[in-house]
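Hi,

Here is the structure I said I would pass on.

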Amino acid sequence: MSEELQREISKVPECPDMDNELISALTDLCFQEESITGSDLLFVFGSNVQHREIADIIKYMLDNELVDQVLITGGIANYNGSFYKKQAESEQIKSFIPLEKYKDKRIYTENKSKNIIENIIEAKKIISFKNIRSMTFLAHSYASTRAALSLKKYFPEIELHCIPLPLPTDFLKYPISRQMWSKTEYGRGLIWGEYLRLLTYGERGDFPIEEIREALDHVKVLTEQKSLSVA
């Protein structure tokens with residue numbers, strides 16, 4: 001078993017009480033809108049869950065001629081609290097794709113990365129993005145803003161489209177989606193953690209933070225106001 005990685009920010013930290021205004025602000029900040037459209041490349045961010053579901057989306061994009069080039073990223077990301085698996089995330093996703101059906105398509109895998117930034121850096125070693133004008137990316141819905149901003153740092157000229165994948169929870173009717181994340185304690189903690197990641201990683205330059213500066217400040221003000229009212 002590989003060495004367990006420690007998270008810089010807890011995946012599900014303790015979060016403040018959330019009213020409708022704070023929930024709305026966090027939703028607008030963390031979640032990108034869905035845009036399933038034709039593009040030059042489908043960029044798939046690594047995931048240690050939902051491999052079959054991700055593969056189904058890839059097949060849908062290929063079957064409907066929305067893309068003819070797919071890049072699946074993700075190595076073995078053995079983070080504390082995650083499900084450990086010996087096979088790279090990208091290989092697990094690809095195992096659900098009948099490659100013989102898509103011999104006329106280009107399907108690439110990257111198997112060294114362990115986070116969103118590494119997904120992109122390692123992907124650049126696999127293919128050339130020189131002729132890519134538009135790109136659809138597939139990422140967990142709660143991290144879709146961070147994924148989009150990270151791509152913009154490395155590919156500022158490429159037009160981006162998002163396919164946000166809701167993360168399942170113990171409550172089947174309340175997945176981590178734009179509409180349902182706030183319905184569970186886990187969802188509220190996860191999205192609060194995502195706010196902290198956007199703030200922390202953005203401040204250190206992982207992605208262009210100015211694009212979300214106003215939204216980050218809005219969340220901060222709402223949180224401070226709530227703390228004052230409670231005090």
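Let me start in the sheet: L42 has V70 in strand 2 as its bridge partner. Before I go on, this is a predicted model, where local features need pLDDT of at least 70, side-chain atom pairs count only at pLDDT 80 or more, and totals for chains, interfaces and linings use all residues. Residues are numbered from 1 along each chain as its sequence is written, and side-chain values use heavy atoms, with hydrogens and water left out.

Strand 1 (residues 41-44) runs parallel to strand 2, and three bridges join them. (Strands, E, at least two residues, and helices, H or I, at least four, are DSSP runs numbered from the N terminus; two strands pair if DSSP finds at least two bridges between them.) On its way from strand 1 to strand 2 the unit takes in helix 2 (residues 51-63), giving a right-handed β-α-β unit. Right-handed here means that, with the strands pointing away from the viewer, the path from the first strand over the helix to the second runs clockwise.

Strand 2 also pairs with strand 3 (residues 106-109), again parallel, over four bridges; there, Q69 has R106 as its bridge partner. Within strand 2 (residues 69-72), Q69 and L71 point one way, V70 and I72 the other, and all are buried (under 20% relative accessible area; exposed is over 50%, partly exposed in between, with a 1.4 Å probe and protein chains only).

Now the helices. The axes of helix 5 (residues 144-154) and helix 6 (residues 185-203) come within 10 Å and cross at roughly 20°, so the two are roughly parallel to each other. Axes are lines fitted to C-alpha atoms, for helices over the stretch in contact, with angles from 0 to 180 degrees between N-to-C directions; under 35 degrees counts as roughly parallel. T145, R146 and L149 in helix 5 meet E194, R197, L198 and Y201 in helix 6, contact being heavy atoms within 4.5 Å.

Helix 5 is mostly covered, with eight of its eleven residues buried. Those buried residues pack against several elements, including helix 1 (20-30), strand 4 (134-140) and helix 6.

Last, the cysteines: there are zero disulfides (cysteine sulfur pairs within 2.5 Å). C30 is buried at 0% relative accessibility, and C162 is buried at 4%.

Cheers

Technical notes
Angles under 35 degrees count as roughly parallel, over 145 as roughly antiparallel, 65 to 115 as roughly perpendicular and the rest as oblique.
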